[in-house]
Amino acid sequence: MKNFLKHHGLWVLFAAAVIAVVMAVMSVFSNTSSPLANLTGILASPFRSAYTSIATWFNDKQNYYQDNLSLKEENAALRKQIAEMEAEIRQARLDSEENSRLKGLLNLRDERQDLSDFEAATITEHTVTNWTSSLTLDRGTAHGVEVQDCVIDETGALVGVISEVGYNWCTVLTIVDTDTSLGAQVFRTRDLGLANGDFSLMGENRLRLDYLPADSQLLSGDLVVTSGLGGYYPSGLVIGTIEEVQKDDSGAAAYAVLAPRVDFDQLTEVFIIKSFELVS
Amino acid sequence: MRSRNETIFKWTLYFAATALCSFVQSFLLQRLSLWGVIPFVYPVVAAVVASYEGPVPGTIYTLVLGVFCDLLLPGPLPCFYTLIFPVVGLCASLISQGLLSAGFVCSLASSALAFLLTDGFHCLVLWASGKGAWAAGGWVLVREFCVTAPLVLPVTLLFQAVFRRTHLDD
């Protein structure tokens, strides 16, 4: 090899120079790359593709991992945001319901000037035995509540009467309880009667209207309100509507079955009438 | 003759078991309505304890339980349960001493009698106040006993455990 270069090196150098010049001239006058560069490119092309594929695969994996992490974080943040928004919606619903109740109460105050002093109360316990229909409220003597105070809902419908009061609690016997007895008046006919709780009807959330005049012409759906006679309870509080008129066991007297306006199971908040003016 | 400490220990355990039953009644059973009625565990407790403890301690226990119920529950009379529960206790203890030995069957029979007496007294008070409802009251009695009867077993097991723990020498 050493001898070959010694004897022919100059020729080899010359040939290389000629080839280089020829290739340079060809590359100047050709629109494509030189044959050698082209050949090199052809040989390198699969390797480049392989490198690119591998690099792309790694990049994809890296991006997937990063995206996954960021999506998890984003998902957690969105879940938190949804929970907060749901809590806000729930609160807004409660506020809306309370607003509606208070608006109703405001209308009632405007309509009924004789009912001057209300105390809003929350029901803490519903009926506790099978023999009574009662509610326990979170207001008591500390809030000026007294036995025999009437309890109404936001529409002015009568819920019941306070039967027992403690410092920060009170028990309400609903109008369907057997111990409840109220002076009542049929709104359309002005007939007077006595609305009494009846154990046979209590399970169905109904009560009786007794001592009706013999000639009373009651219709199903007639509105019955408190009469206010005697001054024990305010007048004009809605008790319910007449569902049917029946004869008593003796067959001599009639009584009406009343459906209360209030759905006791759905009640959550009520208003205690702490004082009222007698309307003559 | 029991020592004073043993007696205190025994009634403390009974008080704790009763408090547990009261907790279950207030926080669970009272919020259930099965077949249109609420399960009512207090007559069962009165009958079971009296059937294990005998006439005198059983009657005293049921008297205290009656006072507790009158303070806690609304009733047609201020002393409704104070009046009827000692009668329940006495009857339950007499059943356990004369007819059936204390146990699940005795508890079931005593509980049935307890509901009969308690709800019968309710009907009597309604009748006395001019609002008699014997048929409706009887129907409530049947449903109340039926929905409460499954509770006789856990209540019996609870108070049986207390009785055995406090009567090791018997």
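Trainee: What makes up the area that chain B and chain A bury between them?

Mentor: This is a predicted model, and in it the two chains bury about 1,500 Å² between them, with 61% of that on carbon and sulfur atoms. On the chain B side, B:Gln30, B:Pro74 and B:Lys131 lose the most area to chain A, together 35% of what that side buries.

Trainee: How many residues are in contact there?

Mentor: 17 residues of chain B are in contact with 14 residues of chain A.

Trainee: And how many salt bridges does the rule find across the interface of chain B and chain A?

Mentor: The count is 0. To score, a side-chain nitrogen of Lys or Arg has to be within 4 Å of a carboxyl oxygen of Asp or Glu. Polar contacts do turn up, though: 5 residue pairs, both partners at pLDDT 80 or more.

Trainee: Which helices of chain B supply at least two residues each to the side that touches chain A?

Mentor: Helix H5 (104-128) and helix H6 (134-148). As for the kinds of residue on that side of chain B, they divide into 11 nonpolar, 3 polar and 3 charged.

Trainee: Over to chain A. Why is A:Thr171 called buried?

Mentor: Buried means under 20% relative accessible area. A:Thr171 has 7%, so it counts as buried.

Trainee: Where does A:Thr171 lie, and which residues does it touch?

Mentor: A:Thr171 lies in strand S5 of chain A, residues 170-174. Leaving out residues up to four places away in sequence, A:Thr171 touches A:Ser134, A:Leu135, A:Val161, A:Ile162, A:Ser163 and A:Glu164.

Terms used: Residues are numbered from 1 along each chain as its sequence is written. Chains are lettered from A and ligands numbered from 1 in the order in which they are written. This is a predicted model: local features need pLDDT of at least 70, side-chain atom pairs count only at pLDDT 80 or more; totals for chains, interfaces and linings use all residues. Side-chain values use heavy atoms; hydrogens and water are left out. Helices (H or I, at least four residues) and strands (E, at least two) are DSSP runs, numbered from the N terminus. Buried means under 20% relative accessible area, exposed over 50%, partly exposed in between (1.4 Å probe, protein chains only). Contact means heavy atoms within 4.5 Å. Buried area is the accessible area (1.4 Å probe) that two parts lose on being put together, summed over both. A polar contact is a pair of N or O atoms within 3.5 Å; within protein, one must be able to donate a hydrogen and the other to accept it, and residues adjacent in sequence count only if both atoms are side-chain atoms. Ala, Val, Leu, Ile, Met, Phe, Trp, Tyr, Cys and Pro count as nonpolar, Asp, Glu, Lys and Arg as charged, and the others, Gly among them, as polar.
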